[in-house]
Each structure stands twice: as structure tokens, then as C-alpha cells.
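Subject: Structure handover

Hello,

Here is the structure I said I would pass on. Please open it alongside this message and follow the notes below.

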Amino acid sequence: MMNRNESVEKLVEEKLPIFTKASDQIWDYAELMFQEKKSSALHAEIMQEQGFKVERGVAGMETALLASYGSGHPVVAILGEFDALPGLSQKPDCAHHDPIEPGMPGHGCGHHLLGCGAMAACTAVKDYLQANHLPGTIRYYGCPAEEGGAGKGIMIREGLFEDVDIVLTWHPASFNYAWDGSDCLAIMMSKYSFKGISSHAAASPQYGRSALDALELMNVGIQFLREHVASDTRIHYAITNTGGTAPGVVQSEAEGVYTVRALQVSDMLQVSERVDKIAAGAAMMTETTMSKELIVGMSNLRATKAVFDRYVANLKSVLPVDFTPEEEAYAREFRKTYPDSDIPRMLSSIKRSYPEKSAEEVHEMLDMPMPNYYCREYGNSASTDAGDVTWVVPGCQLHVACYPAGTPFHTWQMTTMGKSALAHKGMATAARVLAMTALDFLTDEELTRQAWADFKEMMGDEKYTCLLPPVK
């Protein structure tokens with residue numbers, strides 16, 4: 001007789017072809033944030049076919065959806081995503097940069113796998129609850145616009161997590177681990193617009209007030225600011241309007257988008273205030289006017305201990321993943337395209353995860369083209385709107401290797417391998433672990449209570465603040 005986890009793995013396996021096919025379709029769609037109409041519709045159709053009650057267009061977002069099965073508590077939510085990234089079009093399985101269509105979007109962060117793996121897990125949990133006549137609710141959240149739109153933050157603001165007991169999420173990666181969030185960065189993105197006065201740059205320059213000068217001075221100020229912030233703080237930007245292409249005309253307008261990231265929300269807000277002062281100073285120096293528009297803000301991710309611990313136990317129980325010689329050869333081909341500068345970081349990660357292993361054993365693990373072991377990836381200074389959810393509900397984020405060790409996020413390499421057997425196997429592994437972990441909390445009231453006790457201890461006196469701009 002199979003135990004529960006064996007039953008769950010079998011349930012995932014039975015319907016995996018549905019979700020593998022869907023992930024490939026969504027890879028083809030490659031839709032940007034808030035434009036994921038075909039991807040969202042496919043998710044909704046699949047979940048309806050699997051017996052879920054589906055709500056489309058939730059939280060005022062056309063491409064957001066909820067799919068629920070069961071009733072009562074506990075309510076376990078599994079988060080999914082499906083948006084692509086701009087400019088990462090790439091032919092599949094191609095070991096050099098070769099876009100399908102230059103400048104077009106591509107799935108360079110694995111969200112086509114993320115949502116489908118989450119749906120596969122929800123479906124297995126639903127089938128298990130149904131077969132065993134168990135209470136509780138399993139819910140899939142189809143979340144748009146993780147890449148810069150903070151769809152989950154909008155869902156929080158609209159009250160969609162108020163009855164949730166546990167939240168689970170995962171992300172395709174190049175290592176296998178539960179993310180404790182210790183290096184996840186809070187983020188705030190704002191647009192700074194400068195207005196000046198146009199004039200003939202040669203005949204009457206004295207009448208001009210250059211908005212582009214102001215923007216450039218702002219950039220100079222920020223270069224100096226970078227010397228005086230914590231080492232984990234990031235400030236980056238894009239100039240989105242230079243005010244024109246004619247150097248003979250003093251530019252009357254210019255704008256740039258600036259992103260501030262830091263380990264703590266409070267630190268991120270303090271640095272953002274300093275950026276505001278630099279922008280105001282640049283406007284003063286050039287006698288222009290400046291306005292700021294908040295685009296998006298997200299909190300850093302926090303891991304609730306009870307959820308983290310179940311992720312670790314369940315992930316280790318399904319490792320190692322078996323890869324064929326052909327799959328390993330495929331992975332090695334792409335490993336050759338990565339910079340050697342990443343090797344010390346990868347070595348450090350393995351050493352810190354396995355301090356008891358000899359140098360020879362560590363190097364043997366490093367040489368594996370696909371990491372089929374548990375290893376904490378250090379230095380993953382990313383941001384995610386899943387972080388906001390972990391400030392309001394006990395949760396954690398799982399990372400599962402869908403790409404060779406060391407594959408950088410947001411790259412053509414990640415896009416090109418998105419339909420590979422490596423990606424599909426990683427998605428299946430994630431679905432198994434998510435389903436096991438969801439059932440841990442659905443079938444153990446004491447574990448859910450412990451998660452909430454851990455969550456309250458972790459939060460202390462801190463309260464969640466929505467960093468999104470006000471609703472217009």
C-alpha cells in the first residue's frame with residue numbers, strides 16, 4: 001500500500017502531460033505583464049476541466065484568476081505566474097544567442113513553468129482530497145505581472161488573501177532549495193519627469209532650460225549616492241525620454257525610471273527618499289520642474305519556519321532527480337556559455353550547504369551539469385511580489401532546478417531551455433513538492449497552528465504596508 005507522498009507523486013505523474021503541454025504553449029505565447037490573455041485563458045480552461053471553480057478577472061485585473069476546490073479551513077493557496085520578459089525572444093534548444101524575432105518577448109525567467117507546475121500541484125491535491133473525502137480548500141492563484149507589475153500586491157490590496165491559512169509558491173532556478181528570503185530585496189520603481197523650456201541651442205541658449213541636463217545631473221548625483229548606501233542596496237535606471245533627437249534644440253522634457261532595492265523595506269524607503277532629494281536638486285540646478293510617479297513597490301520575501309521546514313523535508317525526499325546521459329550532455333553544452341566568474345560563487349554555495357564534504361566531493365558536485373542535490377544558492381539578490389504575500393500569510397518560496405547549475409535569470413539561455421526535458425523534469429519535481437507540502441498543512445491542524453505561531457514571532461511588531469501607488 002502506498003503512503004500519502006507516494007500517492008501524491010502518482011497523482012502528479014498521471015496528469016503531468018497536460019501541464020507539460022500547457023507550459024510549452026505558454027512559452028510560445030510569451031506575453032508581457034498584464035497582457036497575458038492567452039496564457040491566463042489557458043490556465044482557466046485547464047483548471048475548469050480539472051474540476052475547480054474558476055473566477056476570472058479578479059482584483060480588477062483582466063488576466064488574474066482564482067481556481068478553488070473544497071470548502072472550509074485550512075485554506076492553502078498555491079501561487080502561479082505566466083508573464084514573459086521584454087527583449088528575450090530566443091529559438092528553443094539553441095546554444096547561442098539567436099532570437100526568433102529580435103526585440104520580442106521571451107520566457108527568460110521560467111514563468112511558463114511556474115504557473116503550470118503550481119496548477120499540477122493543485123490538481124494532485126484536489127484529486128487526493130476528493131478520493132479520500134477530506135475537508136479543506138486548495139486554491140490556485142493565477143497572478144499576472146510579476147515582472148514589474150506586482151499583481152500579487154494588487155490581490156492583497158483587494159482582500160484576496162484574507163481567508164488564506166498557508167501560501168506556497170515556487171520558482172524555476174538552477175539549484176534546489178527552499179528560499180529563506182535572507183537575500184531577497186524589497187523594491188520600489190518610480191518615474192522622474194523633468195520639464196524645462198525649449199530654445200535654439202546656438203542662437204538663444206540663454207532662454208533654454210534643459211530637462212535633459214536635469215536628468216543627467218540626477219544620474220551624476222546617484223552615482224555618488226551609490227558610495228554611501230549599504231552594500232546590498234541596488235539602484236538602477238532606464239532613460240525613457242531624452243526629449244528629442246535634435247541637438248540644436250534645448251530639450252524641454254526628459255524622464256527616467258529608477259529602481260531602488262534593499263534587504264529591508266525601511267532601508268529601501270530611506271534610500272528612495274535620498275533619490276527624491278537628488279532629483280529635486282537637479283531640477284533646482286537647471287531651473288526646471290520635476291515630478292515623480294510611483295510605478296510599483298514590493299516587499300522583501302520572508303519565510304515562515306514551519307513552511308520552510310516542510311519544503312526542505314519534502315524536497316530532499318524527491319532528490320536526486322534522474323537525468324539521462326543525453327540530458328546531461330545537453331546541460332553541459334549550455335554550461336559552456338556561462339562566465340567562469342560564477343564558479344567561485346557556485347563552489348561557495350555547495351561548501352556552505354555541505355560543510356562535511358571534502359574538496360574533491362564538492363568539486364564532483366560542481367561538475368554535475370544538473371544539480372540533483374539540495375543546495376542553497378547564495379547571492380540570489382532578486383525581488384518578487386510573492387514577498388508581499390509572505391508579509392500577510394505564513395509562507396515560503398521553493399526553488400527547483402529546471403536549468404543547469406549557475407544559469408543566470410533573465411537571459412537568452414534560460415529562454416532557450418524553457419521547453420527542454422530539463423525544464424519539464426524540474427517543473428514535475430516542483431509540483432510533487434508543492435502538493436506534498438500543501439497536504440501536510442491541509443491534514444495537520446497542529447502544523448498550521450505552528451505556522452501561524454512562527455509567522456507572528458517572525459513579524460514581531462512589524463506590519464505590512466502596501467507599497468503600490470494609490471488606485472486612480
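This is a predicted model: local features need pLDDT of at least 70, side-chain atom pairs count only at pLDDT 80 or more; totals for chains, interfaces and linings use all residues.

The largest pocket has a volume of about 710 Å³. Its lining is made up of 31 residues, and those closest to the pocket centre are R261, A382, S383, F409 and H410. By class, the lining of the largest pocket holds 14 polar, 11 nonpolar and six charged residues.

The crossing of helix 1 past helix 2 is right-handed. On the helix 1 side the contact uses I18, F19, A22, Q25, I26 and Y29, and on the helix 2 side K38, S39, L42, H43 and I46. Sorted by class, this contact between helix 1 and helix 2 has seven nonpolar residues, three polar and one charged.

The next pair is helix 5 (residues 211-225) with helix 6 (residues 265-286), whose axes come within 8 Å and cross at roughly 140°. That angle makes helix 5 oblique to helix 6. Their crossing is right-handed. Helix 5 contributes D213, A214, L217, M218, G221, I222 and L225 to the contact, while helix 6 contributes V271, R274, V275, I278, A279, A282, M285 and T286. The contact of helix 5 with helix 6 counts 11 nonpolar residues, along with two polar and two charged.

The last pair is helix 8 (residues 325-335) and helix 13 (residues 421-442), with axes 10 Å apart and a packing angle of about 110°. Angles of 65 to 115 degrees count as roughly perpendicular, so helix 8 is roughly perpendicular to helix 13. The residues in contact are E327, Y330 and A331 from helix 8, and A421, L422 and K425 from helix 13. Four of the residues in the contact of helix 8 with helix 13 are nonpolar and two are charged, with no polar residue present.

Backbone details

Most residues other than glycine have a negative phi, and most peptide bonds are trans.

- H73 and P74 are joined by a cis peptide bond, with omega about 0°. P74 sits in the loop between strand 2 (65-71) and strand 3 (75-81).
- The peptide bond from L319 to P320 is also cis, and its omega is near 5°. P320 belongs to the loop between helix 7 (305-318) and helix 8.
- A30 has a positive phi, near 45°, although A30 is not a glycine.

Regards

Methods:
Residues are numbered from 1 along each chain as its sequence is written. Side-chain values use heavy atoms; hydrogens and water are left out. On a 1 Å grid over the protein atoms alone, a cavity is a set of points where a 1.4 Å probe fits but cannot get out, and a pocket is an open set with protein on both sides within 12 Å along at least five of seven lines; lining residues have an atom within 4 Å of a point. Grid points are joined across faces, edges and corners, and a volume is the space filled by probe spheres set on the points. Ala, Val, Leu, Ile, Met, Phe, Trp, Tyr, Cys and Pro count as nonpolar, Asp, Glu, Lys and Arg as charged, and the others, Gly among them, as polar. Axes are lines fitted to C-alpha atoms, for helices over the stretch in contact, and angles run from 0 to 180 degrees between N-to-C directions. Helices (H or I, at least four residues) and strands (E, at least two) are DSSP runs, numbered from the N terminus. Angles under 35 degrees count as roughly parallel, over 145 as roughly antiparallel, 65 to 115 as roughly perpendicular and the rest as oblique. A crossing is left-handed if the near helix is turned anticlockwise from the far one by less than a right angle, and right-handed if clockwise. Contact means heavy atoms within 4.5 Å.
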